[in-house]
Amino acid sequence: MTDLAKQIRDRIESQRRELLGSNPLTFEEVGVNRLAAALLAVLDMHQCVEGVGFTADDPDGYGTVKEACSGCGNVDEYAVAWPCRELRTIAKVLGIEANGV
Ligand SMILES: [Zn+2]
């Protein structure tokens, strides 16, 4: 499911390029770059990893969560399934459809 994070990054980069083109930067464009950088920093905090937590994947209801968010919950005990709410929200705002949204 790391594909969603890549889609978000690609969308941010394509929209940033579309807005900025190759012209010298205006004050507003510098602001757009900062917003894109801030969003990318948030994405860096939310990576798809393997975790442990409550999951329907395990017959006991608790065990390995194959796709969990590294930035949400406690990945070693209460893993949050990937894609997390934060990533789904960013994807939704950017018009990218994510499973479970
Ligand atoms: Zn997350």
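Which residues make up the largest nonpolar core? Hold that while we get set up. What you have is a predicted model, where local features need pLDDT of at least 70, side-chain atom pairs count only at pLDDT 80 or more, and totals for chains, interfaces and linings use all residues. Residues are numbered from 1 along each chain as its sequence is written.

Now select Val65, Ala68, Cys69, Cys72, Ala79, Val80, Ala81 and Trp82: these eight are the core. Such a core is a set of buried Ala, Val, Leu, Ile, Met, Phe, Trp, Tyr and Cys residues joined through C-beta atoms within 7 Å; buried means 20 or more other C-beta atoms within 10 Å of a residue's own, with C-beta atoms placed from the backbone. Strand β2 gives the most to this core, with four residues.

Next, color β2 (residues 62–74) and β1 (residues 48–54), an antiparallel pair joined by six bridges. Strands here are DSSP E runs of at least two residues, helices H or I runs of at least four, numbered from the N terminus, and pairing takes at least two DSSP bridges. Click Cys48 and you'll find Cys69 of β2 opposite.

On to β3 (residues 78–81), also antiparallel to β2, through three bridges. The two form a hairpin with three residues between them, and Gly73 sits opposite Ala79.

Last stop: helix α1, residues 3–20. Its 18 residues should span 26 Å at 1.5 Å a residue, and the end C-alpha atoms are 25 Å apart, so the two agree; the expected span is 1.5 Å times one less than the residue count.

Notes:
Buried ≥ 20, exposed ≤ 12 C-beta atoms within 10 Å, placed from the backbone.
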